[in-house]
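Hi,

Here's the structure I promised to pass on.

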Amino acid sequence: MTDPRMDIKSLTLSQLQEQMVSLSEAPYRAKQLYEWMHKKLAADYEEMSNLPKSLKEKCREHFTYTALKTVRVQESKLDGTKKFLFALSDGNLVESVWMKYKHGNSVCISSQVGCRMGCRFCASTLDGWERNLTPSEMLDQIYCITRLTGERVSNVVVMGTGEPLDNYENLLRFILLLTDENGLHISQRSITVSTCGIVPRMRELAGEGLQITLALSLHASTDTKRRRLMPVAQKYSLDELMDACAYYFEKTGRRITFEYSLAAGVNDTPEDVRELITLLKPLNCHINLIPINPVKERDFVGSERSAVEAFKNKLEKYGINVTIRREMGRDIEGACGQLRRGYMHKQS
Ligand code: SAH
């Protein structure tokens, strides 16, 4: 049976105030609790030293308290990237990645347990979809990592396991809590949400008045090719997708980032680059190239460095803004879903 209690770490400050009132507690207790959870990142009520025991008891009775358990930490010897495997209260596992850059620390979080989008090159989708993560389970990945590393997180990317726009309401609440001035107060501009391209949700997101960056996993420049790599492309055509991207930019003024993972001989040919230029030229955008990270259950092989460079040079010639994403943590199963899957299958 599911727990009927409310998840206290997913409540907004004003919702928590209402809860305190209904529990006959003073409203200022809400602010204290909220700050312990979202600013001081308390792992449980025991740490909340200025709260009376009776209030803590009441909270335990009426709410659940999300606190992820660290199952494993792996550190890359190549670049210091750390990968964390966390257990949720129901025993499900999620993974997150911590990356150190010159401009600050970035955390990549998961938004679902598993994924149902079925992209053919991705490890996250191999075991299917289990459930959505709650806002507090998304936040707690960042909170745990901040506590464990002792360093402030400045950028958050929702690019781990799961399709964030397939968990839309929880994603919005997560963003609201993460950017709240009474919490970690991370700026909206420092948050990137990556989607495989769920068109109606992209349009809805454009209307939320947010200043986050939207990243679109494109990976192919024709419908035929994209359909081979990503089942979601059966549902939404590239025309519809590009229209939604243009609409997102028009509504928010935020330039879209296109993700393009290169698989040798599949989407890295001269023909691919020509078609991609035609597709992206009219848009104000930025494209991130990354060689496919080989996943042993999948057939794809990452493009050679020279092929990636050639691809980049051609795009740049046409005035398209390109970066080659550094492959962080290659030695620690850096690709989406690899750590969780590796661990689960060793256990079973
Ligand atoms: N569902 C979202 C976010 C999670 S995937 C999305 O599709 O965007 C994050 C990014 O990693 C996506 O661009 C995804 O296509 C890409 N990706 C997944 N597996 C990969 C692999 N093995 N090699 C390279 N990129 C991969």
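What follows is a short tour of its salt bridges.

Before you start: this is a predicted model, where local features need pLDDT of at least 70, side-chain atom pairs count only at pLDDT 80 or more, and totals for chains, interfaces and linings use all residues. Residues are numbered from 1 along each chain as its sequence is written, and side-chain values use heavy atoms, with hydrogens and water left out.

Side chains of opposite charge can pair when their charged atoms come close. I call it a salt bridge when a side-chain nitrogen of Lys or Arg is within 4 Å of a carboxyl oxygen of Asp or Glu. That rule gives 16 salt bridges.

One of them joins Lys100 to Glu151, at 2.8 Å from N to O. It ties together distant parts of the chain, 51 residues apart: Lys100 sits in strand β5 (residues 93-101), and Glu151 in the loop between α4 (135-149) and β9 (155-158). Helices (H or I, at least four residues) and strands (E, at least two) are DSSP runs, numbered from the N terminus.

Arg305 and Glu309 also pair up, with their closest N and O atoms 3.9 Å apart. Both belong to helix α11 (residues 305-317), four residues apart, or about one turn of the helix.

Then there's Asp3 with Arg5, at 2.7 Å between the closest N and O atoms. Asp3 is partly exposed at 38% relative accessibility, and Arg5 is too, at 33% (buried is under 20% relative accessible area, exposed over 50%, partly exposed in between; 1.4 Å probe, protein chains only).

Finally, look for Glu46, Glu57 and Arg60, which are linked in a network of salt bridges.

Cheers
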